[in-house]
Amino acid sequence: MGSISATSSIMFGSLLNQSNWVAKFQFGHRQILPGGAMPCKVIRCVLKDPDQGKAVRKQKVWHPQNVDLPPILPKNKKKPYPIPLKKIRKLAKADKELMQKGIEKPLDPPKNGLLVPDLIPVAYEVLEAWKVLIKGLAQLLNVVPVYGCSGCPEVHVGQSGHDIQDCQGPGSEKRRNFHLWVKGSINDVLIPIESYHLYDPFGRRIKHDTRFNYDRIPAVVELCIQAGVDIPEYPSQRRTTPVRMRGKKVIDRGGTVEEPKPHRSGDSSYLLAELDTFGIHTGQCPPESDVQKLAQETLEAYETVKSGVRKLMRKYTVKACGYCSEVHVGPWGHNAKLCGAFKHQWRDGKHGWQDATVEEVFPPNYVWHVRDPEGPPLKGSLKRFYGKAPAVAEVCLQAGAAIPDKYKPMMRLDIVVPDSDEARLVA
C-alpha cells in the first residue's frame, strides 16, 4: 500500500476537524493463490457525520490479474449436472407424491405453456442482435483472417496459424502434433448449435422416424420463437389456456390446434439467411474507415445475445445431451436416436437429456489471444504466458474494438511474454 503524502493528509485532517466527521479506513489484502491468480483487493473508506448519523461508503474493486478458463470436460464421461443431483431427486420425489395423491402439479408461465410478457421484448432484442452478430462477423472475416485445423476442432484468429503442438486429431503423431491449418469460416468462429423447430413444444415428441418432418434452426432463434417472437416462416402455437399436469403426465394440453404448413414466400430465403450462419453470405469487405465501428457493434451484439439468452433460460426450459452437443428447446427432449458419443450403444443411440447451460446453447469457443497480429506466430514453449478469449471477441478486438474489462483477466494482458530463451529462467 502506498503512503499518503504529507500535504494531502494535512488537508484531509483539517477538513475532518472543521466538519466533525469521523473517518474509518479498512485495508485488506490476500496472498497470491496457486496458479498465479490474484484475488480481488478492496479498499473501503467510511465518512460518518455524528450530527446526521449518515455514512457515505466508497468502494473500489480491482479485477484479478488473470483467470484460468473452465476445464475441458473429458469425452469418455457424462457431463456434470448443472443442478445438484440431490435437488433433482427431491423435486422428483415431490412430484411423485403429488401424483400418488391425485393432486395437480402447480405450474407457472412458461412451464404451463403460456408466455411471459416481460420476456417478449428480451426475445425480440436477442433476435435482432443475433442478426447483427452474424452479419457483422461475415464482413469482418474479410478483414481478420481465421484458420481452422482440418484434423481437430482448434480455431485460430490471426494472420497465420500458431505453432503450438496440441493437435489430437487423426495422424497428429506423424506431424508431431502440429495443426493442419486451412481457411476458416463463420461456423468456425460461431459454433452452430441447432435445434428442432416445434409448433407446439408441449405436443407429441419427435420420433426417430419423423425427425425429417421438422426444420433444424439455430437454438438461439428457436428459444426466441418460443419466448414470443413471431416469424411467419416458423409459426408457433400461442396458448390462452394453460397446460395441466399431474406428475410427469399431461392431463390437459390447453387445446389442440392443427399445425399449419410453413409459409415460404419469395422473400423468405433472404430472411432465413439472416437467421442461419449456414445461409449467411460472406459479404463485401467493409471500408477501412468503418471497420472499427463495425467491430464494436458486432461485439456489443455478441454481449447482448449472451446476456439475453441467459435471461430467457432462467424461465424457458432448454435440454442438452449429457454426452454430445445436441440441444433441444422445450420441456422435454426428442426421441431421435442420433447420439454417437460415449457408450451410445447402451442407450440405443438415444440422448441423455439434462438441463442445458448457457455455454451449451451459445458456446464461447475460446481461442488464443494474439497481442500482435503482425508479429511471429505463437510458440508452444511460451504457451503458459498466453491468454485466451472468445473467438467472436478476438475477431472484433483484432478489428479495432475496445477490450471489455471482463475479458482482460483471461487474456492475461498484464503478463509480459518473455523471449523463448528467457522462458526457462522464469519461475
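What follows is a walk through the cores, aromatic pairs and a few individual residues of this predicted model. Residues are numbered from 1 along each chain as its sequence is written, and side-chain values use heavy atoms, with hydrogens and water left out. Because the model is predicted, local features need pLDDT of at least 70 and side-chain atom pairs count only at pLDDT 80 or more, while totals for chains, interfaces and linings use all residues.

Let's start with the inside. A nonpolar core here is a set of buried Ala, Val, Leu, Ile, Met, Phe, Trp, Tyr and Cys residues joined through side-chain atoms within 4.5 Å; buried means under 20% relative accessible area, exposed over 50%, and partly exposed in between, with a 1.4 Å probe and protein chains only. The largest such core holds 65 residues, and the members touching the most others are Trp 130, Leu 133, Val 309 and Val 361. Leaving out residues up to four places away in sequence, Val 309 touches Val 126, Val 220, Leu 223, Val 358 and Val 361 (contact is heavy atoms within 4.5 Å).

Next come the rings. Rings of Phe, Tyr and Trp (its six-membered ring) pair if their centres lie within 6.5 Å; planes under 30 degrees apart count as stacked, over 60 as edge-to-face and the rest as tilted. That rule gives 4 aromatic pairs. In one of them, Phe 202 and Trp 332 have centres 6.0 Å apart and planes at 85°, so they meet edge-to-face. Phe 202 sits in the loop between β7 (194–196) and β8 (216–218) and Trp 332 in the loop between β12 (327–329) and β13 (353–355), so the pair ties together parts 130 residues apart in sequence. (Strands, E, are DSSP runs of at least two residues, and helices, H or I, of at least four, numbered from the N terminus.) Phe 202 is buried at 8% relative accessibility, and Trp 332 is buried at 18%.

Trp 368 and Tyr 386 also pair edge-to-face, with ring centres 6.3 Å apart and planes at 75°. Both Trp 368 and Tyr 386 are buried. The ring of Trp 368 has a charge over it too: the charged end of Lys 388 is 4.5 Å from the ring centre. Lys 78 does likewise over the face of Tyr 323, at 5.8 Å. For this, NZ of Lys or CZ of Arg must be within 6 Å of the ring centre and within 35 degrees of the ring normal. Elsewhere, Trp 130, Tyr 302 and Phe 362 form one aromatic cluster.

Now for the loop between α2 (85–101) and α3 (120–140), where Asn 112 lies. Asn 112 is buried, at 6% relative accessible area, and touches Leu 107, Phe 202, Pro 242 and Val 243, sequence neighbours up to four places away aside. The Asn 112 side chain also reaches the backbone nitrogen of Leu 114 at 3.3 Å.

Lys 105 belongs to the loop between α2 and α3 as well, but is partly exposed at 23%. Lys 105 and Met 245 are 140 residues apart in sequence, yet their C-alpha atoms are 5.6 Å apart. Just after α2, Gly 102 takes a positive phi of about 75°.

Finally, Ala 273 lies in helix α6 (residues 268–275) and is buried at 13%.

Technical notes: Polar contact = N/O pair within 3.5 Å; in protein donor to acceptor, adjacent residues only side chain to side chain.
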